[in-house]
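Please prepare a briefing on the two ligand sites of the structure shown below.

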Amino acid sequence: MPLTENQDLNEKTRLPRHIAIIMDGNGRWAEQRGMERIRGHFEGAKAVERISRFAADELKISYLTLFAFSTENWKRPSAEVRGLIDLLFDYLKKEPDELQKRNVRLRFIGRLDDFHENIREEINKAINNSQENSGLQLTVALSYGGRQEILQAVQAISDEVSAGSLTLEEAESFDEEDFRAFFYAPDLPDPDIIIRTGGEQRISNFFLWQAANAFFWSTSTLWPDFRESDLQDAIKAYQMQH
Ligand code: IPE
Ligand code: IPE
Ligand code: MG
């Protein structure tokens with residue numbers, strides 16, 4: 001990637017602070033080639049490495065969030081769910097060195113309790129090992145649903161009121177910032193751009209609250225085919241609107 005092009009991107013207008021991606025189209029990528037869907041997820045994992053490397057090293061943006069597995073995705077055939085979890089496990093085992101080298105801080109949002117203990121252990125290790133890194137903050141949404149995130153915030157607030165650590169008056173006077181303090185990653189700023197690959201123009205229960213002012217960019221490119229230049233196209237489209 002010629003550096004001048006990136007400088008161009010930086011200089012023309014503001015670089016987005018936070019890009020979020022709904023990584024869709026792995027299954028179709030494989031089916032088009034007569035392969036098992038899991039092969040598409042395997043190729044999708046390579047795109048994750050490629051795009052997070054580019055975001056960290058070249059674009060130097062502050063936040064990248066990847067929607068990897070939704071609360072609805074548990075309804076997929078169990079072999080596919082198992083295959084996806086195996087890929088996640090491999091990623092967690094092998095990626096930390098790479099992230100360390102690139103100064104990337106890895107975080108997760110979602111209902112992590114839905115995962116088996118050995119996965120949760122690897123998730124916690126990856127979080128702890130990278131928490132001091134000051135470069136790109138890479139957030140992976142796992143068993144994530146926007147509705148569930150809002151609902152669990154309401155439940156957490158009512159639990160605090162019941163426990164007496166929050167008064168009813170305090171809860172009643174909550175503003176948006178007070179409310180978001182109960183989200184999975186309260187300090188994560190709202191995304192400037194939400195990209196969806198695979199051609200659908202749906203939000204699919206992603207970042208419902210956080211999407212309020214985001215620029216939505218959909219591309220027919222399937223996630224395993226998504227390249228650095230596609231990310232640059234999304235940024236250019238965003239900059240045209242700002
Ligand atoms: C997105 O690809 C990845 C996950 C949801 C885990 P899909 O598996 O949804 O691929 P398509 O949409 O069927 O092509
Ligand atoms: C959205 O893709 C979820 C993720 C990318 C993790 P899906 O393929 O699951 O969404 P729908 O079924 O098209 O809404
Ligand atoms: Mg899909």
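The points below describe the two ligand sites in turn.

This is a predicted model, in which local features need pLDDT of at least 70 and side-chain atom pairs count only at pLDDT 80 or more, while totals for chains, interfaces and linings use all residues. Residues are numbered from 1 along each chain as its sequence is written, chains are lettered from A and ligands numbered from 1 in the order in which they are written, and side-chain values use heavy atoms, with hydrogens and water left out.

- Ligand 1 has 13 residues around it (a residue counts if one of its heavy atoms lies within 4 Å), and D24, G27, R28, R37 and R76 come nearest.
- This shell divides into three nonpolar, five polar and five charged residues; Ala, Val, Leu, Ile, Met, Phe, Trp, Tyr, Cys and Pro count as nonpolar, Asp, Glu, Lys and Arg as charged, and the others, Gly among them, as polar.
- Helices α2 (26-31), α3 (37-59) and α4 (78-101) each supply at least two residues of the shell, and α2 gives the largest share, three residues; helices (H or I, at least four residues) and strands (E, at least two) are DSSP runs, numbered from the N terminus.

**Contacts and cover of ligand 1**
- A polar side-chain atom of D24 lies 2.8 Å from an oxygen atom of ligand 1, a polar contact being a pair of N or O atoms within 3.5 Å.
- Backbone atoms also take part: an N or O atom of G25 lies 3.4 Å from an oxygen atom of ligand 1, and a polar atom of N26 is 3.2 Å from one.
- Taken alone, ligand 1 exposes 380 Å², of which the protein buries 87% (Shrake-Rupley method, 1.4 Å probe).

- The residues around ligand 2 are I22, M23, D24, F67, A68, F69, S70, N73, R76, R196, R202 and S204.
- Five of the shell residues are nonpolar, three polar and four charged.
- Strand β2 (residues 63-70) provides the largest share of this shell, four residues.

**Contacts and cover of ligand 2**
- Polar side-chain atoms of D24 and R196 each lie 3.1 Å from an oxygen atom of ligand 2.
- In the side chain of N73, an N or O atom is 2.9 Å from an oxygen atom of ligand 2.
- On its own, ligand 2 has 390 Å² of accessible area, and the protein covers 78% of this.

Definitions and conventions
A polar contact is a pair of N or O atoms within 3.5 Å; within protein, one must be able to donate a hydrogen and the other to accept it, and residues adjacent in sequence count only if both atoms are side-chain atoms.
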